[in-house]
Amino acid sequence: MKAQSVPSGGAKWRRLPGLALAGSLALIPLPARAYEEDAACVGKPGTVKVTLIVEGVRSDAGLIALTVYHDDSRRFLRKKGSHYVRRVEARAPETRICFIVPQPGVYALAVYHDANANQKLDRSGLGPPTEGFGFSNNASTLLGLPGFSAVRIRLADGAVTRIRLRYLKKGEVPAPR
């Protein structure tokens with residue numbers, strides 16, 4: 001930017017327009033900070049850092065897998081339909097996961113305890129999961145997979161949400177708190 005001429009006062013006054021501009025820019029609110037990946041909190045770069053607490057983890061074995069979905073019912077639980085997947089070491093009785101989403105808004109979360117760390121949700125011969133699982137809002141799975149409307153959750157920067165794991169395999173009970 002070219003300095004404007006000032007009637008008198010020399011070089012000291014020619015800098016004034018620049019200082020005035022810098023001062024006025026300080027009053028303009030800056031956009032939300034875009035978080036980058038780091039060791040503790042990952043996701044595609046965005047402005048919203050969220051903490052998920054997965055409760056009822058029955059053992060330290062394996063991984064806890066988090067899948068984040070955009071607010072689109074057609075992509076929920078579909079292959080290649082997620083925003084991203086994050087896996088962290090399981091910690092009983094609860095595992096904390098920090099993740100980043102692009103902006104505040106509505107998302108859906110699904111988690112499972114990948115106890116054997118094979119990076120898939122193991123199922124019995126009849127189809128039900130043999131590993132613990134859960135959804136945002138602790139949506140009921142009593143009659144099967146929850147509907148998309150039941151798992152939609154609004155996330156904002158600094159939000160903390162909880163999901164309680166459910167184990168269906170006979171004899172498996174979440175670890176006591």
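Guide: Start at Cys98. Its relative accessible area is 17%. Buried means under 20%, so Cys98 counts as buried. Keep in mind that this is a predicted model.

Now look for the partner. Cys98 forms a disulfide with Cys41. Their sulfur atoms sit 2.1 Å apart. A disulfide is a covalent bond between the sulfur atoms of two cysteines. The structure holds one such link. Look along the S-S bond: the angle about it is -75 degrees, and the link of Cys41 and Cys98 is left-handed. Cys41 lies in strand S1 (residues 41-42), while Cys98 lies in strand S5, so the bond ties together parts 57 residues apart in sequence. Cys41 is buried as well, because its relative accessibility is 2%.

Step back to the core. The largest nonpolar core has 22 residues. Phe99 is one of those with the most contacts inside it, along with Leu52, Val54, Ile64, Leu66 and Val68. Strands S2 (48-55), S3 (63-70), S4 (84-89), S5 (94-101), S6 (105-114) and S8 (152-155) each give two or more residues to this core. The largest share, four residues, comes from S2. In soluble globular proteins, nonpolar side chains tend to be buried together.

Key
Residues numbered from 1 in each chain as written. Predicted model: local features only at pLDDT ≥ 70, side-chain atom pairs only at ≥ 80, totals over all residues. Heavy atoms only, no water. Core = buried A, V, L, I, M, F, W, Y, C linked by side-chain atoms within 4.5 Å. Buried < 20%, exposed > 50% of the residue type's maximum accessible area, 1.4 Å probe, protein only. Disulfide = S-S within 2.5 Å.
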